[in-house]
Amino acid sequence: QVQLVESGGGLVQAGGSLRLSCAASGRADRSYSMGWFRQAPGKEREFVSALNWSGSRTSYAESVEGRFTISRDDAKNTVYLQMNSLRPEDTAVYYCARGRYSTVKITAGNYDLWGQGTQVTVSS
């Protein structure tokens, strides 16, 4: 069974950067898209970014466009979320997720496997 484990979260000052990692514990038996979502206290989980299995297509929420970059390293079986110019409103638990298909999706219902999340806190 494939499991996803996020890491790289922490406390950072506004304007700083963090890189989140999502490591898969096993090899998938088919191609999947991958996505990042986040959930702040009292709010619904929201889409952040996604990429297709080949890495040729990406999608970003408007709130992070130009600041965050999603990527993957096939050799390490890991997906990354590089977060630059962080703002206090980026504070949330960040989750990586595996899509049901290889194409990019932006809604949570299109993902069938989730990590446990990693906390990102941005101080003002």
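In which strand is the place of Q82? Q82 belongs to strand β8, residues 78-83; strands (E, at least two residues) and helices (H or I, at least four) are DSSP runs numbered from the N terminus. The views below show a predicted model, in which local features need pLDDT of at least 70 and side-chain atom pairs count only at pLDDT 80 or more, whereas totals for chains, interfaces and linings use all residues. Residues are numbered from 1 along each chain as its sequence is written, and side-chain values use heavy atoms, with hydrogens and water left out.

View 1. Q82 is partly exposed because its relative accessibility is 25%; buried means under 20% relative accessible area, exposed over 50%, and partly exposed in between, with a 1.4 Å probe and protein chains only. Residues up to four places away in sequence aside, Q82 touches S17, L18 and R19 as well as R67, F68 and T69, where contact means heavy atoms within 4.5 Å. A side-chain to side-chain polar contact of 3.0 Å joins Q82 and N84. Such a contact is a pair of N or O atoms within 3.5 Å; within protein, one must be able to donate a hydrogen and the other to accept it, and residues adjacent in sequence count only if both atoms are side-chain atoms. T118 is 36 residues from Q82 in sequence, with 14 Å between their C-alpha atoms.

**View 2. The four-stranded sheet that contains β8.** The strand order of this open sheet is β1-β3-β8-β7, and the pairing is antiparallel; two strands pair if DSSP finds at least two bridges between them. At the edges are β1 (4-7) and β7 (68-73), each of which pairs on one side only. From one strand to the next the twist averages 15°, based on axes that are lines fitted to C-alpha atoms (for helices, over the stretch in contact) and on angles from 0 to 180 degrees between N-to-C directions. The antiparallel strands β7 and β8 are joined by six bridges, and Y80 of β8 has S71 opposite.

View 3. T78 lies in β8 and counts as buried because its relative accessibility is 9%. A polar atom of the T78 side chain is 2.8 Å from the backbone oxygen of K76. Beyond residues up to four places away in sequence, T78 touches S21, C22 and A23, together with S71, R72 and D73. N77 occupies the loop between β7 and β8 and, at 31% relative accessibility, is partly exposed. Although N77 is not a glycine, its phi is positive, about 55°. Most residues other than glycine have a negative phi.

**View 4. The loop between β8 and β9 at S85.** S85 also has a positive phi, near 50°, in a residue other than glycine. The relative accessibility of S85 is 40%, so this residue counts as partly exposed.

**View 5. The disulfide of C22 and C96.** One disulfide is found in the whole structure, a disulfide being a pair of cysteine sulfur atoms within 2.5 Å. The sulfur atoms of C22 and C96 are 2.0 Å apart, and the link is right-handed, with 60° about the S-S bond. Distant parts of the chain are linked in this way: C22 is in strand β3 (residues 18-24) and C96 in strand β9 (residues 92-99), 74 residues apart. C22 is buried at 1% relative accessibility, and C96 is buried with a relative accessible area of 1%.

**View 6. The largest nonpolar core.** Among the 31 residues of this core, those touching the most other members are W36, F68, L81, M83 and Y94. A nonpolar core is a set of buried Ala, Val, Leu, Ile, Met, Phe, Trp, Tyr and Cys residues joined through side-chain atoms within 4.5 Å. The contacts of L81, apart from neighbours within four places in sequence, include W36, V48, F68, I70 and Y94.

View 7. Because five of its six residues are buried, β4 is largely enclosed by the rest of the structure. Five bridges pair β4 with β5 in the antiparallel sense, and G35 has A50 in β5 as its bridge partner. Six residues lie between the strands of the β4 and β5 hairpin, in which G42 takes a positive phi near 75°. With β9, β4 forms an antiparallel pairing over six bridges; there, V93 in β9 is the bridge partner of Q39.
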